[in-house]
Each structure stands twice: as structure tokens, then as C-alpha cells.
Amino acid sequence: MAHSQKSFSTTPPSQRRYPGQIIVRHLAHFFRQIAATFWFVPALCILAGLLASQVMLDIDRTIDINGRIPILGWVADVGADGARSMLSAIGTAMLGVAATAFSITISVIATASSNYGPRLVRNFMSDRGNQVVLGMLSTTFIYVLMVLRTIRSEQGERELFVPHLSVTLAILLALVDVGMLVWFIHHIADSIQVNTIAQDVRVRWLASIKRWFRPSRNDNYGDYADYPYPINAAQLQKAAETQRVVVSDTPTHAMYPEQQGSITPALMTLNKVGYIIEIDLDALADFAASHELRLVLLKRVGDHVVEDEPVMQLWPSEKHDDIQQELRRQFSVDDSRTTYQDLQFAQQQLVELAVRALSPGTNDPYTAINAVNELGAGICVAVSRPHPGDVIIRNEQPRLWYLPVTQAEILTMPFDHIRPFAPQSIIVMKALIDLARRAQAASIYPELAELAEQKIQELRAEVEQAGVNPCDLQAVDDYIEQTDTKTRLAWVNTDE
């Protein structure tokens, strides 16, 4: 039965991009970058210390503690000389402690870089605990300096001025700093442990996965004309069959030149060198809809680009010169990758942790097992959710095609990267077999379950080719059979 025609609105109000929203997106990206730096939080703390010193000094100049607030008369017990000595001691001590804390942080960063991989350094640099401690120590020093300069002894016509409330606050800050120093020592010792490092990377990776792979839903293909989330090829085909989405044959499969026919797209470059760390897909789709464009991304987040390398195709090509600057604003390029949109970078950090642990110089299989177990958390979430979309619909037409990270890529990376370094470590191979079985049980797609089984057979072949002791090879075979039984039981229980 033919589907009845129905008029549709354009992009839903919640998904439309106005100039203010685009500015907010750019500001959000800017603050994400600046918040990941080591100096941002300490700089804010120092500014807060400067402001607090001026506010407290104004209060001291306004309020007579002895005359107006008798209950706080004990605060005024210290004289000018005593206040100077106390503030000098606090300032000197806090500056020395701040220097020590900074040295400890740099030492930990160097250790993490050499032992666990240089790509984990950014995680230590962006640690909020370390930044707050260094910020508080620096703030106390700056605050003390600003208060110390205002203390005046009574001499001639010059009146005595001791900012008692400001001095008291300096003492309280010093007490807080002592407590934070104790916590900092505990925190820095904990942060260097492999469990903490792996857990931190896993949290970042899971956050990225959940942003890209949305939970299962009861799909109504008739609603895809203005669906706010990307859809995949099967959903697009179904929407086209129900006449709810108009699929023009002009840019469909445009990423494959042999299917373009006589239509030639324009190629856009970014005129930058570095890694693509963010792409605003919604903004690109909205812009394409407003200018009647079709866009096909040739690169994705995490890819390295050079100045003259094409990153996107667009139709019609004659509009290219007028709009390329606006399109380029939707890409963010940096010298190093981040985990915000880059799924594979977060996963590679865990994989690198395992590979380094298996190097002859380290030879720590239990650290590798820890990393493999943390990999399982993200892989099981990814394979248990629907395939990611690669098309964004606007105005009842597909406007943007892009290249998502697929579940197959996420599933195969640990095995392909770790397996060559692990055949002599049977316990690590067993951990990888466990990982494959867990992915097999969690997958909602038969092809992903078959891929996990293929990886298990590759692991078994790698062990056999490594020439290990026959009893170790037999142990691997027994473990494969044992875990297969557990996996089938898990599927039965899930179905029930």
C-alpha cells in the first residue's frame, strides 16, 4: 500500500543551529581545550586570591573589630610585628611547598611517560586534583604578599594598621594548605598506580563511546525525515522506501568515485596541519540544508591532515568558494589527539598500556591483563548497541555522509595490536580469550559474534606458531572450550 504523503517541518526546533548556538559551541570547544592545560585552574585560583585580598582589606579598613564586633576581639590580639612575622612565615612556607609539589608532579609525569606511554601525559596534566593543590598553594602565597604590604606600624603621624581579619584568613588558608598537602601526597601516589591509570582512561573511553553509540530503541522509520540523530544505511533505505525521506541519486554513495557518474564534487581542504580533534556534524548538516548542499566527509576525528589534503566533498561544486570558510569553522585541528570525540585514541591508550607492559624491558603481564579487562568495559558497550549512523537527515533529505568508527574496528583493535606481543604469555592470551568471549556474549549482531570467534582462533594460532610448550598449548585449547561453554550458557540465560 502506498504511503500517504505528509508535510514535514524542517530541522526540529531543539536541533536548529542559530548563530548564538554556533558561538556557544566554539566557546565550549575553547574552554575544553584551555581547561585541559596545567595552568588554567592555578591561574583562576591566583586571581581569586588577589580578589579575596582586596575584599578582606576593604573589610578591615571599614570594620573596627574591637569596637563593633566584640566577640571577634581575639582576632586583634596580634600586633603589627607579629602579623608581619606570621605572614612572612606562611608565605615562605607555601612558596617552598608549592615548588616541592610542582617538582613531584613533574617527576610523576616523567615516570608515567616513560613507563606507561607519552600519550597518557595529557591525562596527568589535566588532573583537577593536582591543579587545585598547586593553585591553592600559589593563591596563599599571593594573598599573603598582598596583605603583608598593607601592614603599618605606628610612627609619627602614620597610623597603625593591622588587617586582623585578613591575617586570620591567611592563617586559615595555611591550615587548609597543610591538609591539601597531605591529600596531594596520597593522591599523587595513587594516581601513578596502574589500576588508577587504566580506570581513568576507561572512564574517558566509555564517555566517548556513549556519545557515539546510542542505546537500542524501537525505531519508527517513518519519523526519520527530521530525526535528530544520525542514521545508518539500512535505516536510510527503509525511510526512502516509505517515502518519508527523499534520496537523491546525486550524492548517494558519493564517497565512491566510480558511482558518481558525470557529477564532479568540489574538494575542500582545511589549510592546516595536525589531527582533527572535533567535527560539529550537526552544524555541518544544518549548514548544508540551509544552502542546499550535499556533504561527504573523507576524514574523521583522529585522522591526521596536511594543508592540501581533501577532507570533504560537496555538491554543487560551484558553491564551494563562497562557503568554504564557514565549513572550515566546524572542524577543530590540533597538534595532539584528545578523547572527547576520538574513540580510537582513548582505546589506543589502554592498548598501549598493555603493549608496553609486555615489552622485554618491562615484562609485566599482570598490568597487561588489567588493561585488557578495562578494554572489555568499552567493547561490550559498543557491541551491545545499534550500528552507528553515517548519514544525517535535514529537510527530508540526506545532507551529510560521514565515516563513523564501527564496532568491528573497536572489537578488532586490541587483538590485532596486543596479540603479536603476547604469544609467550599464556595468562595474557587467556585474558584476550576472555575479552573475545565477553564481546561475543554482549553482541547484538551475529557478524560481530563471529568476528570475536575469529579472533579467538587467531589467538590460538599465534600461540601454536610461537612454539610454546605443548602443555601450554593444551591449556589454551582447554580454556577456549571452557569459555565457549560459559558463553553459550550466558546466551541461554539472557534469552530466558
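In the lining of the second largest pocket there are seven nonpolar, eight polar and eight charged residues, where Ala, Val, Leu, Ile, Met, Phe, Trp, Tyr, Cys and Pro count as nonpolar, Asp, Glu, Lys and Arg as charged, and the others, Gly among them, as polar. This is a predicted model, in which local features need pLDDT of at least 70 and side-chain atom pairs count only at pLDDT 80 or more, whereas totals for chains, interfaces and linings use all residues. Residues are numbered from 1 along each chain as its sequence is written, and side-chain values use heavy atoms, with hydrogens and water left out.

The second largest pocket holds about 510 Å³ of space, and among its 23 lining residues R32, A36, R204, T338 and T339 lie nearest its centre. On a 1 Å grid over the protein atoms alone, a pocket is an open set of points with protein on both sides within 12 Å along at least five of seven lines, a cavity is a set where a 1.4 Å probe fits but cannot get out, and lining residues have an atom within 4 Å of a point. Grid points are joined across faces, edges and corners, and a volume is the space filled by probe spheres set on the points. With five residues, α8 gives the most to this lining; helices (H or I, at least four residues) and strands (E, at least two) are DSSP runs numbered from the N terminus.

A search of the whole structure finds one cavity of 30 Å³ or more. The largest cavity has a volume of about 140 Å³, and W212, R300, V301, L403 and P404 lie nearest its centre among 15 lining residues. That lining divides into 12 nonpolar, one polar and two charged residues.

Helix α14 (residues 407–418) packs with helix α16 (residues 446–465) at an angle of about 10 degrees, the axes being 11 Å apart; axes are lines fitted to C-alpha atoms over the stretch in contact, and angles run from 0 to 180 degrees between N-to-C directions. The two helices are therefore roughly parallel, a term for angles under 35 degrees.

As for confidence, the chain has a mean pLDDT of 77, with 78% of its residues at 70 or more, pLDDT being the predictor's confidence in each residue, from 0 to 100.

Note on methods
Angles under 35 degrees count as roughly parallel, over 145 as roughly antiparallel, 65 to 115 as roughly perpendicular and the rest as oblique.
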